[in-house]
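The numbered points may be read alongside the sequence and the model.

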Amino acid sequence: MATAATKETEILKTAKDMLAPDYVPSDSEEYMNEKHQAYFRMLLIEWKRSIRDAADQTLQSLQDGPIREADLNDRASSETDWGIELRTRDRQRKLVSKIDSALRRIDEGEYGYCEKTGDPIGLKRLIARPVATMTVEAQEAHERREKISRDD
């Protein structure tokens, strides 16, 4: 684990060195050039780190002790809050695997292209959703098919 964190730190430093502090990918540049890849790699690694930091804080809070509210209503409220917090962390755990997948796609040169059509996903969509794997059109078609199969 420590070697993976060290590798991520090195990758992050390289990406930051390559980019100006205010750099944002532009459509006027060649799509998924080295700067674009460095930008999204940096974005994904920082996102992953923030998720891990939040998970570590949650874990620390859980280890600090059980809920000891004297009032049953207060205790129920605290338990509900913890349940929500744990569900949030579970969703974020799944998001980390999507982030890792996106980082692998960058390394393999597949990042930024639709897994269904092979078309560019687009910078605006990737900035809004860096783990996107499909164009908006392909995603909408996928969701329509999913809805139809659920309704059957």
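**Notes on the predicted model**

1. Asparagine 33 is found in the loop between H1 and H2. Please note that the model under discussion is a predicted one. Asparagine 33 counts as buried because its relative accessible area is 16%, and the limit for that class is under 20%.

2. Threonine 135 is located in the loop that joins helix H4 (123-128) to helix H5 (136-151). With a relative accessibility of 7%, threonine 135 is classed as buried. A polar atom of the threonine 135 side chain is 3.2 Å from the backbone nitrogen of alanine 138.

3. Which residues does threonine 135 contact, leaving aside its neighbours within four places in sequence? They are Cys114, Thr117, Asp119, Pro120, Ile121 and Arg125.

4. In an unreviewed entry, UniProt lists residues 109-144 under "domain: Zinc finger DksA/TraR C4-type". In the model, residues 109-144 are 42% helix and 0% strand.

5. Turning to the largest pocket, the space within it amounts to about 210 Å³. Helix H1 (2-18), helix H2 (34-63) and helix H3 (72-108) are the elements that each give two or more residues to its lining.

6. How many residues of each class line the largest pocket? The lining has 7 charged residues, 4 nonpolar residues and no polar ones. Among the lining residues are Lys7, Glu8, Arg41, Lys48, Asp100, Arg104 and Asp107. The lining also includes Ala4, Ile11, Ile45 and Leu103.

7. Is glutamate 79, at 41% relative accessibility, buried, exposed or partly exposed? Glutamate 79, which lies in helix H3, counts as partly exposed because its 41% relative accessibility falls between the limits of under 20% for buried and over 50% for exposed. Glutamate 79 and glutamate 69 are 10 residues apart along the chain, and their C-alpha atoms are separated by 9.9 Å.

Notes. Residues are numbered from 1 along each chain as its sequence is written. This is a predicted model: local features need pLDDT of at least 70, side-chain atom pairs count only at pLDDT 80 or more; totals for chains, interfaces and linings use all residues. Side-chain values use heavy atoms; hydrogens and water are left out. On a 1 Å grid over the protein atoms alone, a cavity is a set of points where a 1.4 Å probe fits but cannot get out, and a pocket is an open set with protein on both sides within 12 Å along at least five of seven lines; lining residues have an atom within 4 Å of a point. Grid points are joined across faces, edges and corners, and a volume is the space filled by probe spheres set on the points. Helices (H or I, at least four residues) and strands (E, at least two) are DSSP runs, numbered from the N terminus. Ala, Val, Leu, Ile, Met, Phe, Trp, Tyr, Cys and Pro count as nonpolar, Asp, Glu, Lys and Arg as charged, and the others, Gly among them, as polar. Buried means under 20% relative accessible area, exposed over 50%, partly exposed in between (1.4 Å probe, protein chains only). A polar contact is a pair of N or O atoms within 3.5 Å; within protein, one must be able to donate a hydrogen and the other to accept it, and residues adjacent in sequence count only if both atoms are side-chain atoms. Contact means heavy atoms within 4.5 Å. UniProt positions are given in the numbering used here, feature names are shortened, and annotations may be inferred rather than shown by experiment.
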